[in-house]
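This report looks at one protein model, starting from a space inside it and moving out to the whole chain. Please keep the structure in view while reading.

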Amino acid sequence: MATTRLTDIRATWHLAWPIAIGQLATTGTAFIDAVMAGHVSAGDLAAVSVGSSIWVTMMVTLMGFLLAISPLVAQKIGANDLKPIPNLTQQALVQALILALIGLILIRFLLPIFNHLGLEAIVAHKAGEFLKAVSWGLPAFACYRVLYSYSAALNQTKPMMVISIFCLLLNIPCNWVLIYGHWGFPAMGGVGCGWATAFCVWANFLLLAAWIRYSHVYKNTHPFRAWQSIDWHAQKQLIKLGLPIGMMFFVEVSAFSLIGLLIASLGTVTVAAHQITLNFSSLTFMVPMALGTALTVRVGHAIGAGDYKAARFIGQSGIRMGLCIALLTGTTMIFASRFIAGFYTSDTVVLMLASQLLVLAGFFQFSDATQVVVAGVLRGYKSTRGPMLIHLTAFWVIGIPLGYLLTFGTSTLPGHGVQGYWIALVAALTCAALSLMALFRRISLKQLAS
């Protein structure tokens, strides 16, 4: 059994590690933005932070809606039924463009919100300009995520890794030109991060599309030929599976984003420190998230082949891997918090508060890693409604109200500042992780018994 478990872990990690590096590179763009904007001023860092709260909410929600293609393609491959895959991917690309257009319109309606958050006027203006700039990358991001899920379902994850690393490196000179004003461009500060990111997102999509178009690995399934009209049956499949995933992602990311907006009244220092902690937590989150993506594919393959015992075994091994990753990242954040914060800022006050928040973030690594890995396993089973309800309860019934109470206090209870929200997040993520584990156990045993 030990040898079998080790073999299974190796198979999952072989699929997951390129995804992890690719996603770390993608998230590294936000890390570079935060570092480079932070060294202009705390105001520019705060503007990027507040603007990103809406951009990231939109981007992650969109990603969730479009994840439906992954288990659908994976199960087709597991059943050795390749013929429907090109049409499924085409239909997902159509959905991506429609959702991106809706997102662009919605972002324009949300721009005035920055003037009502208690921000300094210059920070509010820069946040709006940053969001307008970065939002032009939304159509490319949506189409990229469809091709990403399609390629991963075919066990082809290294192309995304290579392209993401290239675009991460591309982001550095783009930021240098647009933030600080070089080669005839004006110095735009944090707003320049938005334009640089949008440019790199388009580069990401176009390079992956070209790779899929010309690589022989995809020749039997790639979606760039014999385009079909809208297939309402396929659209219904995608919506039925993708809507709960999108809502689940929205519930989680909007909770984090709402926290960023609610603490805006606590001042620029607090917003900057919160952004540092959230940004680094997002980096560490990419590894278990990649593991969850790989497990969606492997569990989907097993379900498609009708091997429910293997699907359960793969899921259990993946959860153990997630806990090991959390142990590493959590202890690093707890014991090296000041060192990590020093990468982002030289402001002594911001550095001190960010160090405290990073310690709290280190503690929730265990539940955060577990919940995202188990959610990935459940997507392989095409179980999406249960996880959506669990996330809704954990974040919006427990996390946000408890966080507000702990942060701002009441007439009888003192508030703890921004630390209160991070304590509440630990509670919310723990509830989500335990509930998802119970759901996985019930569904996997039911499949075995059928």
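## The second largest cavity

The second largest cavity is lined by M63, L67, R145, F249, M289, G292, T293, V372 and R379. On a 1 Å grid over the protein atoms alone, a cavity is a set of points where a 1.4 Å probe fits but cannot get out, and lining residues have an atom within 4 Å of a point. Two or more lining residues come from each of helix 10 (268-304) and helix 14 (365-380). Helix 10 contributes the most, with 3 residues.

By class, the lining has 5 nonpolar, 2 polar and 2 charged residues. Here Ala, Val, Leu, Ile, Met, Phe, Trp, Tyr, Cys and Pro count as nonpolar, Asp, Glu, Lys and Arg as charged, and the others, Gly among them, as polar. The space in the second largest cavity is about 60 Å³, where a volume is the space filled by probe spheres set on the grid points, which are joined across faces, edges and corners. The count of cavities of 30 Å³ or more is 3.

## About the model

This is a predicted model, in which local features need pLDDT of at least 70 and side-chain atom pairs count only at pLDDT 80 or more, while totals for chains, interfaces and linings use all residues. Residues are numbered from 1 along each chain as its sequence is written, and side-chain values use heavy atoms, with hydrogens and water left out.

## Cysteines

The structure holds 0 disulfides, a disulfide being a pair of cysteine sulfur atoms within 2.5 Å. For C143, the nearest cysteine sulfur is that of C167, 15 Å away. C143 is buried, with a relative accessible area of 7%; buried means under 20%, exposed over 50%, and partly exposed in between, with a 1.4 Å probe and protein chains only.

C200 is also in no disulfide, and the sulfur of C174, its nearest, is 4.4 Å away. C200 is buried, with a relative accessible area of 5%.

## The whole protein

The protein has 16 helices and 0 strands. Both are DSSP runs numbered from the N terminus: helices are H or I, at least four residues, and strands are E, at least two. The radius of gyration is 21 Å, close to the 22 Å from the globule rule for 450 residues, so the protein is as compact as a globular protein of that length. This radius is taken over C-alpha atoms, and the rule is 2.2 Å times the number of residues to the power 0.38.

Of the 450 residues, 58% are buried.

How values were computed
1 Å grid on protein atoms, 1.4 Å probe; cavity = no way out; pocket = protein on both sides within 12 Å on 5 of 7 lines; lining within 4 Å.
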